[in-house]
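Please examine the sequence and the structure shown below before reading on. The explanation that follows is intended to be read with both in view.

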Amino acid sequence: MNAEARRPRIADGPDLEAALRAIGDVEGWLSEGQARRLWHAGKQVEPPGQIVEIGSFRGRSTIVLSRAAPEGVQIVAIDPHGGGDRGPQEITPDAERGDSDNHRFRANLERAGVNGRVRHVRRMSNEAHRDVDGPIDLLYVDGAHRYAPARDDIAAWGARVPVGGTLLVHDAYNAIGVMLAQLRLLFFSGRWCYVGRTRSLAQYRREDLSAGARLQNALRQAVHLPYFVRNGLIKVALVARLRPVARLLGQPDEDAWPY
Ligand SMILES: C[S@@+](CC[C@H](N)C(=O)[O-])C[C@H]1O[C@@H](n2cnc3c(N)ncnc32)[C@H](O)[C@@H]1O
């Protein structure tokens, strides 16, 4: 039996509801359902464990992880706040935009009462390895969504997650770069067991998989490929201003990009 299966499931409760209220006004792309999945994963980390988040933006996911993490668990948030690779179609760096994100990030963490719990490393993820010591029990990847950085975050930071640890990837089955990184590193992996997803938030557990389990693991991920296709069609419809088409494809808010 794996480590996660041995752990008792933690019930939803007032702490989770309080965490959701704390991010009520915090901008970002993490949906409520995704926040719930993240919260449960954060709650499972045992002290003196470590949570590392790549891509914090204005603190939405950082607050959820910090509110969930038991006392004694360290939380590291890595984000250069350079205003680039920031959100859908916001790839080019912009220092003013980045400083504004940094200001909002600090203010939001303060307001949520978790400022003292989080160590912010204001660097690009590929330059931050030396700022983080030891193994990572929960790795949350939500930084640059282009293929190369997404691939490097999953590969290089994922290599620091020991057996039993957790990897969560946002914009999985959604951003093309992240999807390609999933295909390359996760679909046929002998190291990452697919656990499930909430919309574009995919969860994996670090395990050593046998050949048979790898095949099953690949198939369990492949059945979600139609969701990637659907998201792509919604984006095309939104760019082409065909909002009724986006609605037909199940996009509830026709002004918002799927995530
Ligand atoms: C989609 S947002 C993250 C959203 C955040 N997790 C939330 O819940 O609101 C992407 C963030 O990744 C950051 N980012 C971009 N390139 C990065 C890199 N190379 N390393 C770490 N973070 C990066 C951006 O500054 C931006 O704040």
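The paragraphs below consider the domains, then the interface between them, and finally the ligand.

The model discussed here is predicted. Its protein chain is divided into two parts: domain 1 covers residues 3-223, and domain 2 covers residues 226-259. The centres of domain 1 and domain 2, taken over C-alpha atoms, are separated by 25 Å.

How many residues of domain 1 are in contact with domain 2? There are 18 such residues in domain 1, and they meet nine residues of domain 2. The size of an interface is often given as the accessible area lost when the parts come together. For domain 1 and domain 2, the area buried between them is about 1100 Å², with 58% of it on carbon and sulfur atoms. Within the area that domain 1 buries against domain 2, Tyr173, Asn174 and Arg199 supply 43%, which is more than any other three residues.

Between domain 1 and domain 2, five residue pairs are in polar contact, while the count of salt bridges is zero. On the side of domain 1 that touches domain 2, the residues comprise nine nonpolar, six polar and three charged.

Attention now turns to the ligand. Around the ligand there are 19 residues, of which Gly55, Ser61, Asp79, Ser125 and Asp142 come nearest. By class, this shell divides into seven nonpolar, seven polar and five charged residues.

For Phe57, a backbone N or O atom lies 3.2 Å from an oxygen atom of the ligand. Of the 600 Å² of accessible area that the ligand has on its own, the protein covers 97%.

Technical notes:
Residues are numbered from 1 along each chain as its sequence is written. This is a predicted model: local features need pLDDT of at least 70, side-chain atom pairs count only at pLDDT 80 or more; totals for chains, interfaces and linings use all residues. Side-chain values use heavy atoms; hydrogens and water are left out. A residue is near a molecule or strand if one of its heavy atoms lies within 4 Å of it. A polar contact is a pair of N or O atoms within 3.5 Å; within protein, one must be able to donate a hydrogen and the other to accept it, and residues adjacent in sequence count only if both atoms are side-chain atoms. Accessible areas come from the Shrake-Rupley method with a 1.4 Å probe; for residues, only the protein chains shown count as cover. Ala, Val, Leu, Ile, Met, Phe, Trp, Tyr, Cys and Pro count as nonpolar, Asp, Glu, Lys and Arg as charged, and the others, Gly among them, as polar. Domain bounds come from an automatic or database domain assignment. Contact means heavy atoms within 4.5 Å. Buried area is the accessible area (1.4 Å probe) that two parts lose on being put together, summed over both. A salt bridge is a side-chain nitrogen of Lys or Arg within 4 Å of a carboxyl oxygen of Asp or Glu.
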